[in-house]
Amino acid sequence: MWIDTHCHLDAHEFGSESLQVAARAQQQGVGMIVIPAVERANFAIVRDLAVAAPNACYALGIHPIYVPHATDDDLIALREAVALAMNDPRFVAIGEIGLDFFIPMLCEPAMRAKQEHFLREQLRIARDFDLPVLTHVRRSQDIVLKHARQIRPNGGIAHAFNGSFQQAQGYIDLGFKLGFGGAMTFTRALQIRRMATELPLDAIVLETDAPDISPAWIHPGRNSPEELPRIGAVLAELRGLALADVAVATSANARAVMPRLPLME
């Protein structure tokens, strides 16, 4: 069985099909899908979807793209929601959190500072509740690493990792795993494919980021957790491993970094 460690199953691109998509993914061997929240407004949505889909669980957090409209009240609400969710077996992590220094508006000095404030506060929530984090890291690897080193959450996943080998080792040293998905399936993605091939296998988890980051065979169409086994097959080919061995290893890695993950059904 496979674990999709990052999938926005609640996204509007799925319309009313989210549960059907999860069911089809399960038929393809995807035994668990992690659905991260992106803002206070969808905390309940991801929770309810994870409860409704037998092969889903969820994380709570405020995505950097939603930080411009967020307030400190949202951070208070997040801490309160996490405290309640600790009794929920479907709740597994803090996420999606991080920094995005790619979108021009988010690169303005005041917005960079606000992003870093929200990242640090959410890292503290993760640390206080002994939870891993699911991090969005776009053109911000070293700064996210700096804050994670200072606050020290209980590990996490560097989602859609595309940094350097040195940065990868920085995450590994902090108990993080590195997320690989659709970007790895493009032959022109030389650095990502090299890292997927050469990094320790026990540092790698798989993800789709559906409906985004579609693999080469459906780009630019809507991505889906159903694609995860085929993405795993690309990793197996790159590393010269049996497909079953990659499924077992990456699932074990996901469970190691997210020990609250429910048993796959």
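A residue is called buried when its relative accessible area is under 20%, exposed when that area is over 50%, and partly exposed in between, using a 1.4 Å probe and protein chains only. This briefing concerns a predicted model, in which local features need pLDDT of at least 70 and side-chain atom pairs count only at pLDDT 80 or more, while totals for chains, interfaces and linings use all residues. Residues are numbered from 1 along each chain as its sequence is written, and side-chain values use heavy atoms, with hydrogens and water left out.

**Overall form**

- The protein chain contains nine helices and eight strands; helices (H or I, at least four residues) and strands (E, at least two) are DSSP runs numbered from the N terminus.
- The radius of gyration of the protein chain is 17 Å, close to the 18 Å that the globule rule gives for 265 residues, so the chain is as compact as a globular protein of that length.
- That radius is taken over C-alpha atoms, and the globule rule is 2.2 Å times the number of residues to the power 0.38.
- Along the principal axes, the C-alpha atoms of the protein chain fill a box of roughly 45 × 40 × 30 Å.
- Of the 265 residues in the protein chain, 56% count as buried.
- Among contacts in the protein chain with a separation of 6 or more, 71% join residues 24 or more positions apart; a contact means heavy atoms within 4.5 Å.

- In helix H6 (residues 165–173), the buried residues are Gln167, Ala168, Gly170 and Tyr171.
- Seen down the axis of H6, these buried residues fall within an arc of 155 degrees, so they line one face of the helix; the arc is that of the directions from the helix axis to the C-beta atoms.
- Gln166 and Asp173 are exposed on the other side of H6.
- The buried residues of H6 pack against S5, helix H5 (141–151), strand S6 (156–159) and S7.
- Gly175, which follows H6, has a positive phi near 85 degrees.

**Helix H1**

- Ser18, Val21, Ala22 and Ala25 are the residues given as buried in helix H1 (residues 18–27).
- Seen down the axis of H1, its buried residues fall within an arc of 100 degrees, so they line one face of the helix.
- An α-helix has 3.6 residues a turn, so residues three or four places apart point the same way.
- Strand S2 (30–36) and helix H2 (43–52) are the elements against which the buried residues of H1 pack.

**Ala196 in helix H7**

- Ala196 lies in helix H7 (residues 190–198) and is buried, with a relative accessible area of 0%.
- Not counting residues up to four places away in sequence, Ala196 touches Phe180, Met184, Ile204, Leu235, Leu238 and Arg239.
- A distance of 9.9 Å separates the C-alpha atoms of Ala196 and Gly181, which are 15 residues apart along the chain.

**The largest pocket**

- The largest pocket has a volume of about 990 Å³.
- On a 1 Å grid over the protein atoms alone, a pocket is an open set of points where a 1.4 Å probe fits, with protein on both sides within 12 Å along at least five of seven lines; lining residues have an atom within 4 Å of a point.
- Grid points are joined across faces, edges and corners, and a volume is the space filled by probe spheres set on the points.
- The lining of the largest pocket comprises 40 residues, of which His136, His159, Asp209, Asp212 and Ile213 lie nearest its centre.
- Strand S5 (133–138) and strand S7 (176–180) are the elements that give two or more residues to this lining, and S5 gives the most, with three.
- The lining residues divide into 17 nonpolar, 14 polar and nine charged.
- In this division, Ala, Val, Leu, Ile, Met, Phe, Trp, Tyr, Cys and Pro count as nonpolar, Asp, Glu, Lys and Arg as charged, and the others, Gly among them, as polar.

**Backbone details**

- Most residues other than glycine have a negative phi, and most peptide bonds are trans.
- The peptide bond from Ala210 to Pro211 is cis, with omega near 10 degrees, and Pro211 lies in the loop between strand S8 (204–206) and helix H8 (228–239).
- The peptide bond from His219 to Pro220 is also cis, with omega near 5 degrees, and Pro220 is placed in the loop between S8 and H8.
- Arg139, in the loop between S5 and H5, has a positive phi of about 55 degrees although it is not a glycine; Arg139 is exposed, with a relative accessible area of 62%.
- Arg152, in the loop between H5 and S6, has a positive phi of about 60 degrees and is partly exposed, with a relative accessible area of 49%.
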